[in-house]
Amino acid sequence: MTDPAAATRSPVSAKTAAETDAVVVRARQLGKRVSLPSGPLTILEGVDFALRAGERVAIVGASGSGKSTLLSLLAGLDTPSDGDVELVGASLAGLDEDGRAKLRGECVGFVFQAFQLLPSLTALENAMLPLELRGERDARTPAKAVLEAVGLGERLNHYPRQLSGGEQQRVALARAFVTRPQVLFADEPTGNLDTHTGEAVIDLLFRMNAESGTTLVLVTHDPALAARCDRTLHIDAGRLVAA
């Protein structure tokens, strides 16, 4: 029998009580070094923490402290020099590049400062893309629903160049949440927006996060934004100095 509530259910759904007890991101003595002509440069060293399902965690620190590098390591977009990351129970060190990409496609969403929308695709097509990459048979229906949920039901066929910065970031939010990710990584999501528009986007981000029960990992320079999270990780010169 068809579930009568299915037609009105949000495109993002809450996690179960059991899921909220699970550790979904764990950094184990994470370190990152790069080689420069002047010698090795340590970007991160000895970073160790765990995040549970549904937590909203801000990563803060001065420019150049290693925040964005840490985010890239946690998401498997970069590989560490030392230590390991466990993402939804999988050791990233045990996966090759294809394996990490598959895990991200199944479990992770991203929101970037620069939106990262494909200019040749409409808002709807951008939101459909993660589902199509996963091989979903019907990507259009959930993508349309989540775009309507972020207030862009009348802009489905508009290209990024035809949208304001706030609208583009809402498309990016829709794209991030359409797969119902267990973890959402957001890197300075309001950095390219004016104050009023940024506040509206953040309100939407936190509302969608609450509805979905997604673990939110947010890199930000904004102390007011960090204060809205459950916990703050402070990075200073590549080290975790406060949590």
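1. A disulfide is a pair of cysteine sulfur atoms within 2.5 Å. By this rule the model has 0 disulfides. Cys 107 is buried (under 20% relative accessible area, with a 1.4 Å probe and protein chains only), at a relative accessible area of 9%. Cys 229 is buried as well, at 10%.

2. The model is predicted: local features need pLDDT of at least 70, side-chain atom pairs count only at pLDDT 80 or more, and totals for chains, interfaces and linings use all residues. Residues are numbered from 1 along each chain as its sequence is written, and side-chain values use heavy atoms, with hydrogens and water left out.

3. The axes of helix α3 (residues 123–133) and helix α4 (residues 140–149) cross at roughly 125° and come within 8 Å. That angle makes α3 oblique to α4. Axes are lines fitted to C-alpha atoms over the stretch in contact, with angles from 0 to 180 degrees between N-to-C directions; under 35 degrees counts as roughly parallel, over 145 as roughly antiparallel, 65 to 115 as roughly perpendicular and the rest as oblique. Helices (H or I, at least four residues) and strands (E, at least two) are DSSP runs, numbered from the N terminus.

4. On the α3 side, the contact (heavy atoms within 4.5 Å) is made by Ala 123, Leu 124, Ala 127, Met 128 and Leu 131. Arg 140, Pro 142, Ala 143, Lys 144 and Leu 147 make it from α4.

5. Thr 179 sits in the loop between α5 (165–177) and β7 (183–187). This threonine is buried, with a relative accessible area of 9%. Beyond its neighbours within four places in sequence, Thr 179 contacts Val 108, Pro 130, Leu 131 and Arg 134.

Conventions: Buried means under 20% relative accessible area, exposed over 50%, partly exposed in between (1.4 Å probe, protein chains only).
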